[in-house]
Amino acid sequence: MLVLSRKPGDEIVIDGNIRVTVVSVKGDRVRVGVNAPSTVSVDRAEVHERKTANPSQTPLVKSA
């Protein structure tokens, strides 16, 4: 695992086309934004685990 320290507004680039931006830090909460191509699935870990455990029960929802 790569661990990085970033400030609000700083970005991390993954594979040249996925950008993770630190939006804000308040106390023990960090808000991040993810900008990725529409072909890349981006989920919170608990949502990903749910989809993986029950792929037939997960509705396909595309966000804009």
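Before counting anything, I wrote down that contact means heavy atoms within 4.5 Å. With that in hand, I looked at the protein chain: among contacts between residues at least 6 apart in sequence, 2% join residues at least 24 apart.

Ground rules next. I'm working with a predicted model, where local features need pLDDT of at least 70 and side-chain atom pairs count only at pLDDT 80 or more, while totals for chains, interfaces and linings use all residues. Residues are numbered from 1 along each chain as its sequence is written, and side-chain values use heavy atoms, with hydrogens and water left out.

**Entry: the overall layout**

I found 1 helix and 3 strands in the protein chain. (Helices are DSSP runs of H or I with at least four residues, strands are runs of E with at least two, and both are numbered from the N terminus.) Going along the sequence, I read the pattern as β-β-β-α.

How much of the chain is buried? Buried residues make up 8% of the 64 residues; my cut-offs are under 20% relative accessible area for buried, over 50% for exposed, and partly exposed in between, with a 1.4 Å probe and protein chains only. The chain exposes about 5,900 Å², and carbon and sulfur atoms supply 53% of that. Accessible areas come from the Shrake-Rupley method with a 1.4 Å probe, and for residues only the protein chains shown count as cover.

I noted an open sheet of 3 strands in the order 1-2-3, with antiparallel pairing. Strand 1 and strand 3 stand at the edges with a single partner strand each, so one side of each has no neighbour in the sheet. Neighbouring strands are turned by 25 degrees against each other on average, direction ignored. (Axes are lines fitted to C-alpha atoms, for helices over the stretch in contact, and angles run from 0 to 180 degrees between N-to-C directions.)

Two strands pair if DSSP finds at least two bridges between them. Strand 1 (residues 11-14) pairs with strand 2 over 4 bridges, antiparallel. I picked out Ile12, which stands opposite Val20, and Ile14, whose bridge partner is Ile18. The hairpin of these strands has 3 residues between them, and Asp15 there takes a positive phi near 55 degrees.

Strand 2 also runs antiparallel to strand 3 (residues 29-35), joined by 7 bridges. Here I saw Lys26 opposite Arg29. This hairpin has 2 residues between its strands, and Gly27 in the turn has a positive phi of about 65 degrees.

**Entry: Ser24**

Is Ser24 buried or exposed? I'd call Ser24 buried, because its relative accessibility is 15%. Ser24 sits in strand 2 (residues 18-26). Leaving aside neighbours within four places in sequence, I listed its contacts as Pro8, Arg29, Val30 and Arg31.

**Entry: the nonpolar patch and Val42**

Which residues make the nonpolar surface patch? I wrote down Val25, Val30, Val32, Val34, Val40 and Val42, covering about 470 Å². (Patch residues have over 30% relative accessible area and no salt bridge; like charges are joined within 9 Å, and nonpolar side chains, meaning Val, Leu, Ile, Met, Phe, Trp and Tyr, within 5 Å. A salt bridge is a side-chain nitrogen of Lys or Arg within 4 Å of a carboxyl oxygen of Asp or Glu.) Strand 3 gives the most to the patch, with 3 residues.

Last stop: Val42 lies in the loop between strand 3 and helix 1 (45-53). Val42 is partly exposed, with a relative accessible area of 48%. Beyond neighbours within four places in sequence, Val42 is in contact with Val34 and Ala36.
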